[in-house]
Each structure stands twice: as C-alpha cells, then as structure tokens.
Amino acid sequence: MSARKIVQVALPVRLRRLFDYRADDLERLPADGARVLVPLQKRKVVGIVCGRRESSALPLAKLRRVIRVLDDVPLLPKELFRLLNWAARYYHHPLGDVMQTALPVLLRRDRSAQPKPVYHWRICEAGRQGLDSIPGRYRAQRRVLDLLAAADGTGLPAGTLSSEVANAATVLARLEAQGWAEKVTPVPPATAGTREKPLILNQAQQAACTALDAAAGCYTPFLLDGVTGSGKTEVYLDCVARTVSRGRQALVLVPEISLTPQLIARFQARLGGSLAVLHSGLTDTERHRAWWRAREGSAAVVLGTRSAVFAPLARPGVIVVDEEHDLSYKQREGFRYHARDIAVKRAQLAEVPVILGSATPSLESMANALSGRYRHLRLKSRAGSAKMPRVKILDLNRLAVNDGLSAPIVGAIGDCISRGQQSLVFVNRRGFAPVVVCTQCGWQALCRRCDARQTLHRRSGRVICHHCGSQAAAPIECPKCQTQTLFPAGEGTQRVEEALVRIFPKARVIRLDSDVAGPPEEITRVLQAVREREVDILVGTQMLSKGHDFAGVTLVCVLSADQGLYSLDFRGPERLFQQLAQVSGRAGRRESPGAVLVQTAHPESPAFSRLEKHDFAGFAGDALMERQAAGYPPYVRFALLRAESTRSGAPLTFLRSAALAGRAVPSREGVEIMTPVPSPMERRAGRYRAQLLVRSKDESRFHRFLEDWVLGIEESTEAARVRWSIDVDPQEMY
Ligand code: ADP
Ligand code: ZN
Ligand code: ZN
C-alpha cells in the first residue's frame with residue numbers, strides 16, 4: 001500500500017491551483033485522469049485527479065474526503081492528460097477549466113463514462129406472421145409492426161418509432177414480450193456501404209504521400225503548402241486511409257463544419273461509417289457518443305472543429321489540420337488556445353506525424369517550414385486539368401463605381417452569365433450600408449454601447465451594431481437637425497445584391513452571409529444550390545472564401561480589398577492576402593479558365609503584384625522580413641493581458657498596477673513590458689477595454705515570467721475589480 005493518502009484534484013473553477021482531498025478510506029487510489037466527485041463549499045463537483053501526495057498544507061483531519069471515484073479506468077488517456085497539463089501551463093490558464101473544456105458536457109457531471117448502448121428494433125418472424133391477425137383496435141401495435149416490417153435488416157431506432165407513434169415504448173415492450181420484435185445492435189454503415197475509389201494521384205501529390213507515409217509512427221510536423229485546388233484533400237485522404245489500415249486513428253481538424261459539408265462527405269465516402277464527427281451543432285448526447293467512439297477506438301477517423309483537438313484517441317496515428325491559417329482555430333475567450341498549435345504539441349506527445357495544410361499558410365507555419373522545423377511539402381499547381389485563375393487589379397481612383405460595382409466588374413459578370421457560368425461577388429460587410437450619415441449636419445448613426453457605427457439593414461428597416469448586436473429602428477430623419485437628408489454610405493452585401501438584381505433581372509442571385517445563414521442547414525442548402533448550378537451570382541462575405549469546390553464558378557469579384565491594408569493590427573496584410581488568395585481560389589477549378597477581379601484604391605501596394613502572380617511564398621517572405629525587423633511574431637513572443645469593466649477608468653488602473661507588479665517579478669529578465677493602452681475600439685457592449693502587451697525573444701524565459709506574473713495577478717486585490725484574461729500568442733491585437 002502506498003503511503004499517499006491525498007489526491008490532488010483539478011476542479012471546474014477559474015483558479016490556478018489544485019485542490020487536496022483525503023482518499024485514505026478509498027479501496028484504491030484513483031489514477032491520474034480519473035474523475036472523482038468531491039465536496040466544494042456546499043456543492044458537490046466533478047473534478048479530475050491530477051496527482052497524489054502524502055501531506056498537505058492542512059492536517060489530514062481537516063481535509064475533506066473524496067465522495068466517490070467515478071472512473072475505474074481514467075477517463076482521460078495518458079497522452080491527452082499530459083497534453084492538457086501542457087496546455088494549461090503554456091496558456092497560463094487554470095487546469096481545471098482546461099480539463100472542463102476538453103470534456104463533453106455530459107461527462108462534466110456525475111455519470112458513467114460509457115454512453116448507454118444504442119440499439120435498433122427489428123421485426124421477428126413471428127411478428128411478420130402475426131401482422132395480419134392483429135385485431136383492428138390495436139392500431140398503435142399495427143402501426144409499429146408495419147413500420148418495422150418496412151424497415152431494412154438493420155431495423156429502426158426507438159426514437160424514429162416514438163416520433164411516429166404515441167406510446168411507442170410501451171408498444172415495443174409488449175411486442176418484445178410476445179416475441180414479435182427484438183432489439184439489435186445496429187451495424188455501422190462502414191461494413192455495409194461501398195466506398196469511393198481514390199483518384200490517381202499526380203506526381204506532386206504522390207511525393208507528398210510518400211513523405212507522409214515514411215513518417216508513420218514518429219513525430220514529424222509537415223506543412224502541406226498547396227495552391228487552391230491542388231488536391232490537398234486527396235493527400236489527407238490517402239494518408240488517413242493508410243493510417244487506418246495500420247489500425248491507427250486519424251484526427252482531422254477543420255475550421256467550420258457548416259462550411260465544409262463537402263469535405264466530410266468526401267471522408268465519409270472514402271472511409272465509410274468509422275467516422276466520428278465532433279462540432280458545436282451536436283446535442284450533448286451525440287457529442288458524448290462521438291467522444292466515446294473516439295476514446296474506445298471504434299471511430300477510425302475523428303473529424304471536428306477547434307475543440308476536437310482534445311478528442312481522446314485510443315490509438316493515435318496522424319493529425320491533420322486543414323486550412324491551418326484559419327482564425328477560427330483560435331479560441332477568443334476564456335481558455336484562449338490555438339487548436340493548430342495544440343495539434344502540433346499533441347503529435348509530439350503521441351509520436352505521430354501532423355499535417356498542417358493550407359494554400360495560404362500562417363506566417364508562423366511558413367517560418368517553421370523555412371527554418372526546417374517543419375517539413376515543407378509543396379503542391380505548386382492545380383490538380384487535374386484546372387489552371388490558376390487570371391487575376392486583374394482594378395484601380396478605384398480611375399473608375400466610376402455604383403453600389404460598389406465598377407463597369408469592368410458588371411461587364412465580366414454579364415459575360416459570365418451569357419456563357420452559362422457562375423460568378424461570386426465578395427463584399428466585406430453584411431447589411432445594406434455600413435454608415436448612415438446626415439448630408440446636412442454630418443450626424444452619423446452610432447452604437448450607444450460601442451465605439452462603432454451602426455450598419456443599416458434596409459430590408460428589416462433596422463440599424464444594427466455588428467459588434468454587440470444591439471439594434472433600433474432605422475431613423476427616417478436626422479435626430480440632430482431634423483431634416484430628411486440621411487444617406488446610406490458604403491456598401492454591404494444587401495446593397496450589392498439589390499444592385500445586381502436590378503442590373504441582371506433575369507439572373508438568379510443569392511446572398512450568403514451570417515444574416516442569411518442562421519442554422520447550419522441553411523448554409524448547406526445555399527452551397528448545395530450553387531453546386532447544382534441553380535444560382536448565377538452568389539454575393540457574400542468571407543464565408544465564401546473557405547475551401548469550397550464549386551465546379552461552375554469561373555469569375556470571382558472582390559469589391560474592396562482595402563480593409564486590412566492599413567489595419568491597426570500587424571496581421572492585417574497577412575489576413576488580407578490570405579482572404580484574397582482563398583476567395584480567388586474559388587474561380588476556375590475545372591476545365592474552364594477562371595478570372596478574378598479585385599477593386600482597390602491602392603493598386604500600387606506590392607501585395608497586389610504578388611497576388612496577380614499567385615506568389616504567396618513571395619508575399620510571405622516579404623512579410624516575414626518585416627516582422628523580423630519590427631520585432632513581431634513569429635520572431636518575438638507576444639502575450640496580451642486584457643481587462644474590461646463597465647467603469648471607464650478601471651481597466652487601465654488594473655493594467656498599470658499589473659505592469660508595475662510585472663517589473664518587480666524576479667524572472668522578468670529578457671521580457672519587455674509595454675505601456676497599458678485602451679483597446680483600439682475602447683467601448684464594446686457597454687464595457688471599457690484596455691490591454692497590456694508583454695513580449696520576449698526567449699520562449700522559456702517568457703513562460704517562466706508569465707507563470708509568476710499571472711499567479712501574482714490572480715492573487716491581487718485589483719484583479720477582483722475587473723474582468724481580466726491572459727492571451728498567449730494573441731491572434732487579434734484588440
Ligand atoms: P484542395 O484541397 O487543395 O483545394 P482538392 O483536394 O479539393 O484541392 O482538389 C481540387 C479538385 O481537384 C477536386 O475536384 C478534386 O477532385 C480534383 N483532384 C484532386 N486530385 C486529383 C487528381 N490526382 N486527379 C484529378 N483530379 C484531382
Ligand atoms: Zn442632420
Ligand atoms: Zn454595439
């Protein structure tokens with residue numbers, strides 16, 4: 001017997017510490033990664049065991065006892081347990097909260113790790129024979145049996161029957177007792193369905209696959225840097241299929257599920273039913289089941305969004321991060337992790353290869369590829385017969401523009417329609433017009449709760465703030481000078497859509513932005529309509545840029561490329577270039593050549609000549625040199641301490657004292673603590689916001705400093721007066 005009688009438990013609270021509990025009366029000490037039910041003040045909470053010790057700051061008699069051990073086998077496999085510990089240290093976030101994030105909601109409660117088994121109902125031979133002899137008054141029984149008789153050999157889930165017949169459960173119990181129906185375990189479609197054959201890979205794809213194959217079983221990070229339409233997905237599929245055939249699991253991360261139904265369909269077609277999909281649209285039960293299938297290994301492939309990077313795996317074999325540059329991998333609040341970076345660490349701990357794929361890699365990954373830390377795999381041309389589209393820059397200083405559209409763009413869309421092809425029009429903002437201004441006195445419609453303008457949504461007759469969502473009826477006259485001289489300035493998707501309908505009355509125009517795109521099914525429906533050529537012109541926001549493979553789109557128009565060029569955020573140009581290259585990448589993905597038209601008031605910007613040549617590598621090279629000269633990431637580590645409060649002075653006061661405390665931290669050598677400043681948009685949703693940047697060239701020193709500093713802040717009295725958070729490797733500087 002071990003002398004260790006105390007377990008250290010991570011609890012779902014925002015404190016950077018573990019909690020000690022007595023475990024001396026337990027038969028067996030729970031292992032790391034197992035859940036325990038423990039008392040916390042007057043509540044009972046579920047925590048995760050993170051260690052054992054012999055003594056605590058409190059005498060044993062004063063410690064509270066573990067109420068119950070919930071898992072005999074640790075819920076978190078060792079590799080995942082280690083990963084979460086690392087993540088809590090790296091992001092300086094409370095371990096208990098990190099572990100909560102990693103668990104499906106249902107497992108954060110006192111309930112068994114294994115979901116209830118799913119079974120289907122099937123009709124028995126006796127049931128078939130008895131079908132005709134059921135007396136007419138037993139209508140429910142008859143209906144259930146009819147449904148079961150019509151179903152195929154795998155039967156029907158109880159839920160389907162309940163939605164058709166009232167009291168289905170009672171009826172089924174009776175039928176089972178009679179020997180007319182039985183419960184069966186459903187057969188996963190993997191063994192039933194036929195699978196799609198892989199394409200014949202081209203030379204570049206083949207070379208990438210060979211390199212990936214050679215890395216099986218050891219930690220190797222790869223950057224799969226392939227132009228849009230170069231067949232990266234085929235490379236993932238090949239690698240994943242090989243991994244699965246070796247009996248290992250693949251974890252595949254994608255930016256947004258609703259925007260990638262095609263990718264899922266391709267994985268499903270290739271790999272069959274051994275796929276578990278994890279995303280925010282699942283119910284708690286569905287999520288728990290998918291999580292469990294990953295945990296026990298019955299799902300050969302686990303595909304999901306950001307938080308799926310924490311999916312448990314029984315036999316990890318490879319990790320894929322598709323569109324690795326995508327901002328949605330970064331969690332923007334609470335535990336602010338970056339799923340791509342966690343994926344790389346996870347691959348290292350699990351000793352498996354990791355593939356980061358993109359046509360426009362993040363500069364961080366690009367720098368790692370250039371320095372040799374990542375293996376650089378390149379697919380330089382499009383797969384099959386498609387060519388890269390021709391890009392043309394249109395100078396807004398020399399062109400007249402109506403509703404955002406210049407004559408060359410209108411002409412090109414007209415030509416495209418007459419050829420029976422589709423065009424895609426990319427607008428920065430949703431709504432009708434981003435500014436409502438009085439031409440008489442200069443008044444503008446501003447949000448009352450944010451330092452921002454309200455956007456006019458003309459169809460609903462409202463002005464809406466896109467930062468906090470607050471809205472009001474659109475004003476008819478100027479509230480300041482009472483004249484009816486209000487003018488909607490600038491263009492949003494609705495205005496462009498209306499203009500296109502006016503110019504091309506016969507064309508089928510559809511809009512896709514987050515106003516349209518309520519439920520995920522609606523987005524899927526619009527994307528499907530575009531693929532089936534039921535649409536001539538698709539107008540939308542950057543939602544359009546994400547990975548879609550539309551066969552009929554040959555023209556892409558970008559109405560304004562200037563947002564981002566002079567952004568306050570040092571990542572502005574990178575983001576702009578990525579967006580332009582991605583949206584351009586939707587044009588001409590089949591035999592017909594594609595064209596891209598980009599309107600800008602700054603055609604001289606060097607980024608555009610790179611764009612015309614599809615030279616992302618050249619752009620990245622320039623940008624990295626600038627970053628190095630300016631002392632920006634990836635050459636220097638950043639962390640941002642953010643604070644917000646409803647009281648205007650409070651965030652800066654807090655940050656000033658935090659900066660002062662930071663200067664007194666003994667481990668601060670090599671760390672630069674900047675001056676606290678108000679956020680670029682200081683007021684948002686009624687809260688004032690400020691931030692403090694700290695940076696260092698030395699990663700390990702930086703983390704030592706952050707650990708001491710953040711712990712001190714947490715314990716300070718000032719911290720209780722504001723809402724604060726630490727953001728390591730911030731992706732947005734506001
Ligand atoms: P990416 O993920 O790089 O954007 P995809 O994998 O979606 O590219 O491929 C783009 C298109 O090219 C798809 O329609 C795909 O079916 C096709 N494709 C990919 N690889 C090949 C190949 N080796 N031969 C023929 N067509 C291919
Ligand atoms: Zn006015
Ligand atoms: Zn607002």
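Guide: A residue is near a molecule or strand if one of its heavy atoms lies within 4 Å of it. This is a predicted model, where local features need pLDDT of at least 70, side-chain atom pairs count only at pLDDT 80 or more, and totals for chains, interfaces and linings use all residues. Residues are numbered from 1 along each chain, ligands from 1 in the order in which they are written, and side-chain values use heavy atoms, without hydrogens and water.

Visitor: Which residues surrounding ligand 1 are the closest?

Guide: They are Ile200, Gln205, Lys232, Thr233 and Asp549, out of 18 residues around ligand 1. Helix H9 (residues 232-245) gives the most to this shell, with 3 residues. Helices are DSSP runs of H or I with at least four residues, strands are runs of E with at least two, and both are numbered from the N terminus.

Visitor: How do you know which atoms are donors of the zinc ion (ligand 2)?

Guide: Donors are N, O and S atoms within 2.8 Å of the metal (3.2 Å for Na, K and Ca); water is not among the atoms, so sites may look incomplete. The SG atoms of Cys438, Cys441, Cys478 and Cys481 lie 2.2 to 2.4 Å from the zinc ion (ligand 2), so they count.

Visitor: Why is the site of the zinc ion (ligand 2) called tetrahedral?

Guide: Four donors count as tetrahedral if all angles lie between 85 and 135 degrees. The ideal is 109.5 degrees for four tetrahedral donors.

Visitor: What about the zinc ion (ligand 3)?

Guide: Its donors are the SG atoms of Cys447, Cys450, Cys465 and Cys468. The angles are 104 to 115°, and this site is tetrahedral. The donor spacing is C-x2-C-x14-C-x2-C.

Visitor: Why is cysteine 450 called buried?

Guide: Buried means under 20% relative accessible area, exposed over 50%, and partly exposed in between (1.4 Å probe, protein chains only). Cysteine 450 has 2%, so it counts as buried.

How values were computed: Four donors count as tetrahedral if all angles lie between 85 and 135 degrees; four count as square planar and six as octahedral if opposite donors are over 155 degrees apart and all others between 65 and 115; anything else is irregular.
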